[in-house]
Amino acid sequence: MRPSLRFAAAAAALLCSARANAQSAPTSELSKLIESKLSAVMPKVVAWRRDIHEHPELSFEEQRTSKLVADHLRQLGLEVQAPVGKTGVVGILRGGKPGPVVALRADMDGLPVTELVDLPFKSKARTQWQGQEVGVMHACGHDNHVAILMGAAEVLAGMKAQIPGTIKFLFQPAEEGLGGAQAMVDDGALKGPVPNAVFGLHVWPNTVGSIAVRQGPIMAAAGNFKIIVKGRQTHGSQPWSGVDPIVVASQVVMGLQTIASRQVNVAYLPSVLTVGQITGGNRSNIIPDSVVMVGTLRTFDDAMRADIAMRIKRTAEDIAHSAGATAIVEVDQGGLVTKNDTSLTDRMMPTLKRVAANGVQFINPVMGSEDFPVFTKDIPGIFFFLGVTPKDKDPNTVAVNHSPLFFADEGALVTGVRAMTNLATDYLSQGAKK
């Protein structure tokens, strides 16, 4: 998951307590069977999570993690496909009864972040990233996702004979902006058999054990833009002898701020336009020839994205022209909006309410982005957030995803395993009845 990942204000208060949730939907025999197996698997889930956290790997470098996953799935007797999408793993569990197919997804990659959380299993990993030596950390919590899905696979494999259908486990590499989901799909992850539904979760700075979800768009589409401002290099003492691209770039940054605040209908859908990096110059007394700016654009609508892209280009070019400079603007096509299928969300809401240890929240769309929607282009899906903030901490003030201080309370892991297993079995059972 990419930067700027705070929740928008919650659209509704906590729906109900854990006790009310437990009573909101009947507990099936499969759910009871799942519950009977959790106590045995949870110590393993915690151990896997700590091991993966201590040994994070960057996107498409998840060799150790994928081997851990593939070995575990083979020991469970699943059909295993690896590598899929460079370093991804697919496990297939064919139940003992006929029925539909459901897929469960977890992402595996870490981030170039040096961990500052004091843990016994703190990451000390170092690597090269964009020419610099950096630390590596599971600052977005993907270690939790992998451990949860490994635990879910063990629980479900232990009740294979009772499962009415097939479950695919998708362990995805490179979610952090490098196209891991697409690489897996291109490599056939959704074929043989094709899922009827896909479920995914993400740990989040909400109260531990809570679940947050919404129908429709839940996370924005993200894409990048690049602006090269070309001036004319000269001595810093004589700016009139050249064209200062640093000043022009500063004016462009300020001009871009008016797009979201003054040019786009904010009552329709939200958008975010951020310049995240500016590079130019190498000496205090030299006005450079050019400045490079890069940034991110977040939207929930393709037409709005195209309109904002046009305005980025127009704003940068016109401001540059007014100063005698030029601007070269590139805006990529961006990713996909993460959308929860409305009917599927309605259908599985009783399951989410039943398994959430600290209730379910309906939320506003989040400006962070995911590549989970690559799996749900043509397949219904649900993506939800699992709260990992300790009960004695304020979710509004704790370090968020991508921070070197990001911390996930392991008390949420059991809710994650409970959610993924019950979503799979409830969906398959309902499908088998139709």
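Trainee: How do you know how far to trust the model?

Mentor: The average pLDDT, the predictor's confidence in each residue from 0 to 100, is 93 for this protein, and 93% of the residues score at least 70. Because this is a predicted model, local features need pLDDT of at least 70 and side-chain atom pairs count only at pLDDT 80 or more, while totals for chains, interfaces and linings use all residues. Residues are numbered from 1 along each chain as its sequence is written, and side-chain values use heavy atoms, with hydrogens and water left out.

Trainee: Which residues have pLDDT under 50?

Mentor: Residues 2–25 do. Where pLDDT is low, the predicted coordinates should not be read in detail.

Trainee: Why do E1 and E17 stand at the edges of the sheet?

Mentor: The open sheet has eight strands, in the order E1-E2-E6-E3-E7-E18-E8-E17. Strands are DSSP runs of E with at least two residues, numbered from the N terminus. E1 (79–84) and E17 (360–362) each have a single partner strand, so one side of each lacks a neighbour in the sheet.

Trainee: What makes E8 and E18 a pair?

Mentor: Two strands pair if DSSP finds at least two bridges between them. Two bridges join E8 (residues 211–213) to E18 (residues 381–389), and these strands run antiparallel. Ile-211 stands opposite Leu-386 in E18.

Trainee: What does Phe-384 touch?

Mentor: Contact means heavy atoms within 4.5 Å. Not counting residues up to four places away in sequence, the contacts of Phe-384 include Ile-211, Ala-212 and Val-213.

How values were computed. Helix = DSSP H or I, 4+ residues; strand = E, 2+ residues; numbered from the N terminus.
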